[in-house]
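Hi,

Here is the model I promised to pass on to you. Please have a look at it first, and then read my notes below.

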Amino acid sequence: MPLKISFIIAAYLIGAIPVGVILSIFKGVDPRKTGSGNIGATNVMRAAGKTLGILTLIGDITKGFLPVALAIYYSQPDSTIALIGLATFLGHLFPVYLKFKGG
């Protein structure tokens with residue numbers, strides 16, 4: 001049981017990583033203050049350029065894939081894998097690192 005909870009918490013924290021904000025810092029812009037204000041790939045592309053927009057998309061896909069892939073690798077039950085996927089998604093929508101605003 002503790003391993004299951006650890007996987008779910010880690011999945012949330014991975015999903016909450018604000019890839020778009022982190023990458024945009026390298027260009028000296030904040031996507032939350034540009035365009036739609038969203039931290040996703042499309043707005044990062046508007047704010048920081050096509051390359052960082054594509055890297056944001058790749059980062060967001062990776063952070064969604066990685067926790068689920070690790071849970072499968074470690075032979076977690078299907079119900080746990082589903083909860084890990086949900087936790088990752090909720091982390092992306094409500095990132096603790098950005099005071100639960102983002103996604």
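A word on burial before anything else: a residue counts as buried under 20% relative accessible area, exposed over 50% and partly exposed in between, using a 1.4 Å probe and protein chains only. This is a predicted model, where local features need pLDDT of at least 70 and side-chain atom pairs count only at pLDDT 80 or more, while totals for chains, interfaces and linings use all residues. Residues are numbered from 1 along each chain as its sequence is written, and side-chain values use heavy atoms, leaving out hydrogens and water.

Salt bridges first. With the criterion of a Lys or Arg side-chain nitrogen within 4 Å of a carboxyl oxygen of Asp or Glu, the whole structure has two salt bridges. One of them joins Asp 60 to Lys 63, at 3.5 Å from N to O. Both residues sit in helix 4, three residues apart, or about one turn of the helix. Lys 63 is buried, at 8% relative accessible area, and Asp 60 also counts as buried, at 19%. Asp 30 and Arg 32 form a salt bridge too, with their closest N and O atoms 2.9 Å apart; Arg 32 is partly exposed, at 40%.

Now the helix packing. Helices here are DSSP runs (H or I, at least four residues), numbered from the N terminus. Axes are lines fitted to C-alpha atoms over the stretch in contact, and angles run from 0 to 180 degrees between N-to-C directions.

Helix 1 (residues 2–15) packs against helix 5 (residues 78–93) at about 30°, with the axes 6 Å apart. That makes helix 1 roughly parallel to helix 5 (angles under 35 degrees count as roughly parallel, over 145 as roughly antiparallel, 65 to 115 as roughly perpendicular and the rest as oblique).

The axes of helix 3 (residues 41–48) and helix 4 (residues 50–73) come within 7 Å and cross at roughly 160°. Helix 3 is therefore roughly antiparallel to helix 4. Ala 41, Val 44, Met 45 and Ala 48 in helix 3 make contact with Lys 50, Leu 52, Gly 53, Thr 56 and Leu 57 in helix 4.

Best wishes

Conventions:
Helix = DSSP H or I, 4+ residues; strand = E, 2+ residues; numbered from the N terminus. Contact = heavy atoms within 4.5 Å.
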